[in-house]
Amino acid sequence: RKDKLSVFEVCGKKYKQYCQNLCLIAKSFLDHKTLYYDVEPFLFYVMTTADTDGCHIVGYFSKEKNSYLNYNVSCILTLPPYQRQGYGRLLIDFSYLLSRMEGKIGSPEKPLSDLGLISYRAYWKDIILKYLCTYPDREISFKAISEEMGIQTCDIVSTLQYLGMIKYWRGKHVILKKEDIIVDYLDRQRKRLKDKDISAEHLKWKPYEPTAKEKKQAEKIKKKQEERQGG
């Protein structure tokens, strides 16, 4: 919890009907939303803002309790009254904070919807530019950015390609620091409201520990995926 903002972790198995209702709400606004019944394998992270009447849901994201691909988001939604106010970015930022706390490199479940890709690409762009501005003299590599910021390498590469900030030179890919893109980023950062930030020091949370049954189920899914890829 921080000021008026709170995030609650809700277990899909323990609070099945509540989580199904969340999914049904999301289904009203997301064209690609299909899951609404089988919520037990998921955790739901519900973001709220508080006033004198209590806490009001801003949005939520769900994630698998035990994802072998380290997906940190399965479905994400900001409710219409709160869209274009920075809450979607906060939800994404929070999902990556949880991944870092778990010691994992996270990524949203693929493929992303068109709207999801726009939101994530904007987030990845800012995180990468933040890294480049924070460590201007450090030798930059995809692996270093990935480990430091908790974002998968493939997401970093695709974002840099989109920005035209990758060049193939002398047999390897190098990152180009485009001055106009960096200046635009710094200008936007100065204008951003600082009250909408995720602060790790406010997090009171322990990573979910999958049961033996859930681990076996995840291993079966992983094996099937590997067999499909091998075929």
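1. A search of the whole structure, which is a predicted model, finds eight salt bridges.

2. Glu-40 and Lys-16 are joined by a salt bridge between their side chains, at 3.3 Å from N to O. Because Glu-40 belongs to the loop between α1 (16-29) and β2 (42-51) and Lys-16 to helix α1, the pair ties together parts that are 24 residues apart in sequence. Glu-40 is partly exposed, at 31% relative accessibility, and Lys-16 is likewise partly exposed, at 30%.

3. A salt bridge also links Glu-102 to Lys-63, with the closest N and O atoms 3.2 Å apart. Here Glu-102 lies in helix α2 and Lys-63 in strand β3, so the contact ties together parts that are 39 residues apart in sequence. With a relative accessible area of 6%, Lys-63 is buried, whereas Glu-102 counts as partly exposed at 25%.

4. The side chains of Arg-188 and Asp-184 meet in a salt bridge at 3.2 Å, N to O. Both residues are in helix α6 (residues 179-191), four residues apart, which is about one turn of the helix.

5. Does the length of helix α2 agree or disagree with what its residue count predicts? Helix α2 (residues 87-102) has 16 residues and, at 1.5 Å a residue, should span 22 Å; its end C-alpha atoms are 23 Å apart, which agrees. After α2 comes Gly-103, with a positive phi near 75 degrees.

6. On the surface, Tyr-15, Tyr-18 and Ile-57 form a nonpolar patch, and together they have about 280 Å² of accessible area. Ile-57 is placed in strand β3 (residues 54-64) and is partly exposed, with a relative accessible area of 31%.

7. A patch of positive charge on the surface gathers Lys-216, Lys-220, Lys-224 and Arg-228. Of these residues, Lys-220 is located in helix α7 (residues 212-230). Lys-220 counts as exposed, at 59% relative accessibility.

Definitions and conventions
Residues are numbered from 1 along each chain as its sequence is written. This is a predicted model: local features need pLDDT of at least 70, side-chain atom pairs count only at pLDDT 80 or more; totals for chains, interfaces and linings use all residues. Side-chain values use heavy atoms; hydrogens and water are left out. Patches are made of residues with over 30% relative accessible area and no salt bridge: like charges are joined within 9 Å, nonpolar side chains (Val, Leu, Ile, Met, Phe, Trp, Tyr) within 5 Å. Accessible areas come from the Shrake-Rupley method with a 1.4 Å probe; for residues, only the protein chains shown count as cover. A salt bridge is a side-chain nitrogen of Lys or Arg within 4 Å of a carboxyl oxygen of Asp or Glu. Helices (H or I, at least four residues) and strands (E, at least two) are DSSP runs, numbered from the N terminus. Buried means under 20% relative accessible area, exposed over 50%, partly exposed in between (1.4 Å probe, protein chains only). Lys and Arg count as positive and Asp and Glu as negative; His and the chain ends are not counted. The place of a charge is taken as NZ of Lys, CZ of Arg, CG of Asp or CD of Glu. The expected span of a helix is 1.5 Å times one less than its number of residues.
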